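Here are my notes on the model, point by point. Have a look at the picture first, then read on.

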Amino acid sequence: MRYLAVLAALALPLAPAFAQEAAKSAAVVPKPAALIADGMPDIPAELASATRPYMENRGAGFAGWHPVDKSMLISTRFGNTTQIHRVANPMGARKQITFEEEPVGGAVWSPKTGDLMLVQKDIGGNEFYQIYAMKNGRLELLTDGKSRNGLSAWAKDGSLIAYTSTRRNGRDSDIYLMDPRNPASNRMVAEVQGGGWSFLDFAPDKSWGLVGKYTSVQKSDFFRLDLATGAMAPIGDHSRTVSHGGGKFAPDGTIWITSDEGSEFERLGTLDPATGKFTPRGPAEQWDVSTFDMAEDGSFIAYTINEAGMSKLRILDVKSGKVRTVDGLPAGIIGGVEIAPWGEIGITFTSARSAADAFSVDPKTLKVTRWTESETGGLDVTQNVEPQLVKVKSFDDLEVSGFLYRPDPAKFPGKRPLIMNVHGGPEAQSRPGFMGRTNYLINELGVAVFFPNVRGSTGYGKTFVSLDNGPFKREDSVKDMGAFLDHLAKDATLDPARFGLTGGSYGGYMCYAAAIHYADKLRANLCVVAISNFVTFLENTQDYRRDLRRVEYGDERDPAQRAKLIEISPLTRVAEIKKPLFVVTGANDPRVPASEADQIVAAVRKNGGSAWHLVGTNEGHGFAKKENADYNFWASLLFWQQYLLN
């Protein structure tokens, strides 16, 4: 205080400027140190204050059961990053277990004894995951600290884990075995080629393991791996294009999987390891079986189906084949299904009016019990709008659909602005879950938000998901966006003069493409971790995933495909981007390198266009740290207010 008084006395001419600068600093949100905000304005403090309740929601994801004390592991955030917590009983206190600077989203106790917990964690979003053992409050590194590792399975007696690692050459996901209580026991059991390998489960006698090789969303194959010799034998005919999923051994050695063999959708059934024959079990579902788990005694299986984006939880009695449906949950999305040794089913559930939370289901009575109730910033989330399913015929009469969230017409009369939000993948699906921060746009600004599922999305059968494959079909999915825009422009409650579009990853490519193809229909585009040039993307994405992406997008080494990839790349037609652009990227992104953002921002600006650019130097494929995600959201609001809502 005395210093300021002396300053005021000795330097009176500077005092007004000093006060003005202090007032200016107080009026803006401090930018997190790890963010680079290039060519964009400061965030007004009043904007952050207005949105505060929407920034304080959090979810809780079911992560697993403790086999002895019957407590539940969940992942949730109380600080800047998601960490692992323990809940002793339904609606009990959430006791934090991990206290890392980086997010920790997954953990698993050792079977039978629960004496050891393993977790996976990367650094700065680089996705080079390491496996750790939690010991006395600290994480003890079990892997090499450099390569990309994936914890795959734990033997049912808790003596052994299987995991994949790229440590040999940075590209191939070889298979390793280890007793995690004795890290010196680590050994590579199978050297493979490619990045799509995973160890699915140990046979009951641990003599062999079921291994999966993922090639594309349409093709995945199973192998029998001899754990003593490392010999790998294919199961079934691998020349066929069939998708397999899951892979769990029953106590009697029966293998349960999901497969689209002979069907448009993934069905639940059993696999004969000698012949590779798939036998469907249970009812013939008309939608994909998304995930499943088997009771420890093999008596029943809990599985979910994805019915037009909504989840249904079913229980199959293995002996009788009878199926019951759990009706104690509202319409929403179910994930993380795991059956405890005593039979209780743990799940994560979320919906438009419910943040993600952990629940359990009694397999006998089907009673649903809530274990967590996550904070929602004091907001009454039951007032959130439910989405409307919108179906449209595209340019070739293919039906495509999406979910439209409309603002309350009583609060926001007249034609409303709209933001289309395109999912990534492209093998993914927009589903009607909790909107989090996006609810501010809908509830407070009166912005309608539409989530399309263009061709190539999962959830609508194997034919639909293949319709955008390769460079020569790629822009058919772009045309689907045009069909949606034309349809929504005719909606009497929407204002076609105020349409914007956003998307991340592959949805980010769609964002750039829309800025070019539909410049007359869109006022602004916000593109996140986005592909701007398919050739440079394929050349610079991490080695372990390059071949997997070539199957989807095309092979840049083939001259004809390379020429087409360049032709359809947004960077090739960047001169046609005339509307304001906001580009968000993570400096450590292993999937879509930051160079993809750098080159399009430079090109847009060179052409005299407007491009904001936000870079997270400690982030990867999306912002995972709360302080960064908050600032990113405020910046996006400022962008939409300036270019869409004005």
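1. Three bridges link β28 to β29, and the two run antiparallel. Within that pairing, Ser360 sits opposite Thr369 of β29. The two strands make a hairpin with six residues between them, and Leu366 in the turn has a positive phi of about 65 degrees. (Helices, H or I of at least four residues, and strands, E of at least two, are DSSP runs numbered from the N terminus; two strands pair if DSSP finds at least two bridges between them.)

2. A word on what you're looking at: this is a predicted model, where local features need pLDDT of at least 70 and side-chain atom pairs count only at pLDDT 80 or more, while totals for chains, interfaces and linings use all residues. Residues are numbered from 1 along each chain as its sequence is written, and side-chain values use heavy atoms, with hydrogens and water left out.

3. Thr348 has Ala358 as its bridge partner in β28, and Phe349 has Asp357.

4. Put together, this is an open sheet of four strands in the order β26-β27-β28-β29, with antiparallel pairing. β26 (333-339) and β29 (368-370) are at the edges with a single partner strand each, so one side of each has no neighbour in the sheet. The twist averages 30 degrees from one strand to the next (axes are lines fitted to C-alpha atoms, and angles run from 0 to 180 degrees between N-to-C directions).

5. Is β28 enclosed or open? Seven of its eight residues are buried, so β28 is largely enclosed by the rest of the structure. (Buried means under 20% relative accessible area, exposed over 50%, partly exposed in between, with a 1.4 Å probe and protein chains only.)

6. Now the largest nonpolar core: of its 54 residues, Leu418, Met420 and Met481 touch the most other members. Helix α7 (residues 506-517) gives the largest share, nine residues. Another core, of 31 residues, lies apart from it, with Leu47, Ala48, Leu526 and Val584 among its members. (A nonpolar core is a set of buried Ala, Val, Leu, Ile, Met, Phe, Trp, Tyr and Cys residues joined through side-chain atoms within 4.5 Å.)

7. Leaving aside neighbours within four places in sequence, Met420 is in contact (heavy atoms within 4.5 Å) with residues including Phe450, Pro452, Met481, Phe484, Leu485 and Leu488. Met481, Phe484, Leu485 and Leu488 are also among the buried residues of α6.

8. Arg562, in helix α10 (residues 559-568), is partly exposed at 31% relative accessible area. Its side chain makes a polar contact with that of Glu539 (3.3 Å). (A polar contact is a pair of N or O atoms within 3.5 Å; within protein, one must be able to donate a hydrogen and the other to accept it, and residues adjacent in sequence count only if both atoms are side-chain atoms.)

9. Some backbone spots to check. Most residues other than glycine have a negative phi, and most peptide bonds are trans. The Gly425 to Pro426 bond is cis, with omega near -5 degrees. Asn136 has phi near 55 degrees and is exposed at 75%. Val529 has phi near 35 degrees but is buried at 5%.
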